[in-house]
Amino acid sequence: MVVLSRQVVNEQLIKNYKSPSSFFPCNIPLIDISKPESKNQLVKACEEFGFFKVVNHGVPMEFITKLELEAIKFFSSPMSQKEKTGPLDPFGYGNKKIGPNGDVGWVEYILLSTNSEFNYQKFASILGVNPKDIRDAVNDYVLAMKKMACEILEMLAEGLKIHPKNVFSKLLMDEKSDSLFRLNHYPPCPDEFQEYNGRNLIGFGEHTDPQIISLLRSNNTSGLQISLVDGHWISVPPDQNSFFINVGDSLQVMTNGRFKSVKHRVLANSVKSRLSMIYFGGPPLSEKIAPLSSLLIKGDQDSLYKEFTWFEYKNSAYKSRLADNRLVLFEKVL
């Protein structure tokens with residue numbers, strides 16, 4: 001495990017500045033998932049971008065507002081109080097250090113298990129509320145995310161003409177599903193970084209998500225960017241009333257590369273803070289991940305990936321740096 005001092009962290013943050021000259025405007029796919037015919041749009045978005053924005057999602061605004069208010073209250077607390085909920089084990093509160101391998105960003109965060117038995121006592125004591133209130137707020141939101149994720153995954157299966165249509169969604173619905181929930185807070189850039197005029201501080205470095213699917217909602221502060229297949233980065237305009245969906249590595253493998261796991265990052269804002277809430281839909285640890293046979297024309301010889309369990313891939317991802325291509329270790333040599 002790499003242990004970084006505050007000075008080293010800040011030096012790495014400075015090195016992580018990126019020039020905005022490589023950012024390109026682009027229309028992010030916008031999909032109304034209340035319409036059954038949108039399944040073909042979903043498939044196209046996953047093939048071309050690995051990323052899209054959904055509207056008419058049916059998630060009650062009260063779930064979003066309630067959890068966001070609690071998150072703002074927590075992140076506004078003194079650092080000495082917030083640090084009482086850490087260190088990560090692997091869940092809890094983290095600040096600047098992302099993972100165990102030296103990655104850093106201008107971000108603080110809470111990482112939670114979606115298991116209903118998770119202990120919220122540490123967070124409740126900071127917020128001065130009953131642990132049950134925090135648990136209920138998180139569970140209401142996570143259940144709404146799981147429902148939406150499963151609806152999208154089933155529409156994707158239908159768009160691919162795969163039967164049964166729950167081939168992806170059943171992995172999230174499994175009681176042993178290894179899903180996560182993360183709250184990221186990106187404070188405004190501090191004064192000592194303002195001299196780097198015209199450059200952007202990395203809040204969260206470029207990476208792909210290893211799970212099946214990710215559902216993200218943020219406030220109206222910009223910062224999120226995705227990488228196109230040609231390597232160009234494009235900024236995603238914020239929209240606090242919609243959700244943004246990422247294809248994860250596991251879904252890329254299950255579709256034999258037809259869907260693209262999108263590389264993305266977050267740039268810090270010099271004026272406003274950014275708050276995002278992300279649900280990562282993952283399979284059970286023992287689940288075998290491999291291209292679906294129904295998508296292979298010539299059988300296993302068409303498969304681009306070796307079979308692996310989610311446990312194996314998760315362990316491999318945990319040992320890597322954020323920007324590493326984690327899937328390359330599981331690709332077949334053709």
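Biologist: Hello! What should I know about the model before we start?

Modeller: It is predicted, so local features need pLDDT of at least 70 and side-chain atom pairs count only at pLDDT 80 or more, while totals for chains, interfaces and linings use all residues. Residues are numbered from 1 along each chain as its sequence is written, and side-chain values use heavy atoms, leaving out hydrogens and water.

Biologist: Why is H3 called oblique to H6?

Modeller: The axes of H3 (residues 61–75) and H6 (residues 131–159) cross at roughly 135° and come within 9 Å. Under 35 degrees is roughly parallel, over 145 roughly antiparallel, 65 to 115 roughly perpendicular, and the rest oblique. The angle therefore makes H3 oblique to H6.

Biologist: Which residues of H3 and H6 meet?

Modeller: Contact means heavy atoms within 4.5 Å. From H3 come Phe63, Ile64, Lys66, Leu67 and Glu70, and they meet Ile134, Ala137, Val138, Asp140, Tyr141 and Ala144 of H6. These divide into eight nonpolar, no polar and three charged; Ala, Val, Leu, Ile, Met, Phe, Trp, Tyr, Cys and Pro count as nonpolar, Asp, Glu, Lys and Arg as charged, and the others, Gly among them, as polar.

Biologist: How do you know whether glycine 50 is buried or exposed?

Modeller: Buried means under 20% relative accessible area, exposed over 50%, and partly exposed in between (1.4 Å probe, protein chains only). Glycine 50 has 0%, so it is buried.

Biologist: Where is glycine 50 found?

Modeller: Glycine 50 lies in the loop between helix H2 (39–48) and strand S2 (51–55). Its C-alpha is 6.2 Å from that of phenylalanine 259, although 209 residues separate them in sequence.

How values were computed
Axes fitted to C-alpha atoms, helices over the stretch in contact; angles between N-to-C directions. Helix = DSSP H or I, 4+ residues; strand = E, 2+ residues; numbered from the N terminus.
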